[in-house]
Amino acid sequence: MFREEKRTDVALGVQIVADALTDVFDRLILVTADTDQIPSVSLVHKLRPNIQLTWAAPPNRMRNAREIGKIVKDRIEIKAGRLAACRLPQVIQDHQQKVIARIPPAYL
């Protein structure tokens, strides 16, 4: 599992840099508390200083990743209530009322 997680982190970082270099976006809102994205954000900041960077930290995680805040000056903390308001329903049903998905208990 660790290898898959690292692969995902690296793939995300590479895509962020590639998109910045090819002018896919002019603003990046990075929603994370994962310091593995520091190299990619630093590179975007260095190579494309015109791109507006915003760091959005999950609830109560801003302190954990303050290294990101040293690079990205525009930052917000996502409040728990905002996150809860955006969550999918606990049970998802199809048009025949058949349950097709349930939120994992760990997510409640």
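What follows is a short talk about the salt bridges here.

Tutor: Before we start, this is a predicted model, where local features need pLDDT of at least 70 and side-chain atom pairs count only at pLDDT 80 or more, while totals for chains, interfaces and linings use all residues. Residues are numbered from 1 along each chain as its sequence is written, and side-chain values use heavy atoms, with hydrogens and water left out.

Student: What counts as a salt bridge, and how many are there?
Tutor: Side chains of opposite charge can pair when their charged atoms come close. The rule asks for a side-chain nitrogen of Lys or Arg within 4 Å of a carboxyl oxygen of Asp or Glu. That gives three salt bridges.

Student: Which residue does Arg48 pair with?
Tutor: Asp23, at 3.6 Å from N to O. Arg48 sits in the loop between helix H2 (38–47) and strand S2 (52–57), and Asp23 in the loop between helix H1 (2–21) and strand S1 (27–31), so the pair ties together parts 25 residues apart in sequence. Helices (H or I, at least four residues) and strands (E, at least two) are DSSP runs, numbered from the N terminus.

Student: Is Asp23 buried or exposed?
Tutor: Exposed, with a relative accessible area of 56%; Arg48 is partly exposed at 24%. Buried means under 20% relative accessible area, exposed over 50%, and partly exposed in between (1.4 Å probe, protein chains only).

Student: Where is the partner of Arg27?
Tutor: Asp74 is in strand S3 (residues 74–77) and Arg27 in strand S1, 47 residues apart. Their closest N and O atoms are 3.8 Å apart.
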